[in-house]
Amino acid sequence: MAGWKAEHGGRALRHRGIGEVDIRPIVTVPAASRRRVSFTARMIAGQVTLGFQAARSHRLVAVERCEILSADIAAALPGLRQLADLLLSEGGRKKKSDVRISVNDTDTGLDILLLADGIDEFAILPPLTERAAALPKLARLSLNDTLVMCPHPPVMRFGAVSVTPPPGAFLQASGAGETALRGLVLEALGSARRIADLFAGCGTFSFPAAAGAQLVAVEGDAAMVSALDHAARHARGIRKFKAVRRDLFRSPLSADELKPFEAVIFDPPRAGGVAQVSQIAASAVRRVAAVSCAPATFARDARILVDGGFRLNWVAPVDQFRWSSHIELAAEFTRPD
Ligand SMILES: C[S@@+](CC[C@H](N)C(=O)[O-])C[C@H]1O[C@@H](n2cnc3c(N)ncnc32)[C@H](O)[C@@H]1O
């Protein structure tokens, strides 16, 4: 599997007519390091089943124990099942639809978000709070848009800056993967002093890059932009920083708006970012640090940059989705002088 994964990015690029690329050796994260995960809980024959939704199907793959999860998430599985049991058995519910459970294992403990339709939140909060109190290493528990309890605010440290991500926020899937990707992104940025971080999330790359450069972080999710903004206002050790909310699919930063920036970090969701990358290709930006979790859309977007005059200097595969076919890629693009 590691050999197939290491080659995946190269194959996708060749398919788009980009050969002769320096593909670096794959970095594989340790087992039991997955810190961001989404479960589904369902009532099956009167019993709560907690598991992963199979790809492109309604089937639920039950999880009793799991080699990929961080130790704290693995230890919380029985407690999560208990919370799901409460929601799935709740008297007032007309329809016993699935409960989604998203867990982020942050630096200060587990940030758990329960998503359930048709719940009488007023009635469920007391028993939910009682059961949640028994969860090991709980930082925060939310039910839909309601904060249930927060024994410790969840915190992530990105470079010199502490961020409290919103419930269900995007984080890189493992700490080791984040460390590897951060090193590659900083390398690809070179000595750029004015940077735009596009699809910035909660600042995984923005804050480390902002230690040595002025940075504008652009993200579509309002809650994550608020988290970025709040963290930046309380931060020390970063240069001028601005967080902006913008839908980069509908309204990408134009080539003109990109004029002030020497370098761009580009880390779109799986669909890639054709509209945005086309503007980067048409701009005067000289460096792109790209990160992608989808080799096919990465290769399509890389083709647009190469056609716009960029050179693809290297691609580095990072395997933070062990025992699956998924692979993360980081890459450096520069405009030749
Ligand atoms: C792969 S994540 C990367 C986040 C961040 N770079 C990190 O490493 O933590 C992609 C990010 O793009 C954001 N996003 C998705 N669609 C977007 C859109 N149309 N406009 C702006 N941001 C979007 C998501 O909310 C998510 O934070």
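Modeller: H7 and H8 cross in a right-handed manner. A crossing is right-handed if the near helix is turned clockwise from the far one by less than a right angle, and left-handed if anticlockwise. The model is a predicted one, in which local features need pLDDT of at least 70 and side-chain atom pairs count only at pLDDT 80 or more, while totals for chains, interfaces and linings use all residues. Residue numbers start from 1 along each chain as its sequence is written. Helices (H or I, at least four residues) and strands (E, at least two) are DSSP runs, numbered from the N terminus.

Helix H7 spans residues 274-281 and helix H8 residues 295-307; they pack at an angle of about 20 degrees, with their axes 8 Å apart. H7 is therefore roughly parallel to H8. Axes are lines fitted to C-alpha atoms, for helices over the stretch in contact, and angles run from 0 to 180 degrees between N-to-C directions. Angles under 35 degrees count as roughly parallel, over 145 as roughly antiparallel, 65 to 115 as roughly perpendicular and the rest as oblique. From H7, the residues Val274, Val277, Ser278, Ile280 and Ala281 meet Asp301, Ile304, Leu305 and Asp307 of H8. By class, the residues of this contact of H7 with H8 divide into 6 nonpolar, 1 polar and 2 charged. Two residues are in contact if their C-beta atoms, placed from the backbone, lie within 7 Å. Ala, Val, Leu, Ile, Met, Phe, Trp, Tyr, Cys and Pro count as nonpolar, Asp, Glu, Lys and Arg as charged, and the others, Gly among them, as polar.

The crossing of H2 with H3 is right-handed. Gln82, Leu83, Leu86 and Leu87 of H2 make the contact with Ile124, Pro127, Leu128, Arg131 and Ala132 of H3. The residues of the contact of H2 with H3 comprise 7 nonpolar, 1 polar and 1 charged.

Helix H3 (residues 121-132) also lies across strand E8 (138-143) and E9, running at about 35 degrees to E9. E8 and E9 belong to an open sheet of 7 strands in the order E5-E4-E3-E6-E7-E8-E9, with mixed pairing. Its edge strands, each pairing on one side only, are strand E5 (60-62) and strand E9 (146-149). From one strand to the next, the twist averages 35 degrees. Two strands pair if DSSP finds at least two bridges between them. Within this order, strand E6 (residues 99-106) and strand E7 (residues 109-115) pair in the antiparallel sense over 7 bridges. Aspartate 105 has leucine 110 in E7 as its bridge partner.

Further pairing involves strand E17. Strand E1 (residues 22-23) runs parallel to strand E17 (residues 311-319) and is joined to it by 2 bridges; aspartate 22 stands opposite tryptophan 314 in E17. Strand E2 (residues 27-28) is likewise parallel to E17, with 2 bridges, and valine 27 stands opposite valine 318 in E17. Strand E18 (residues 328-334) runs antiparallel to E17, and 7 bridges join the two. Here valine 315 has alanine 331 in E18 as its bridge partner.
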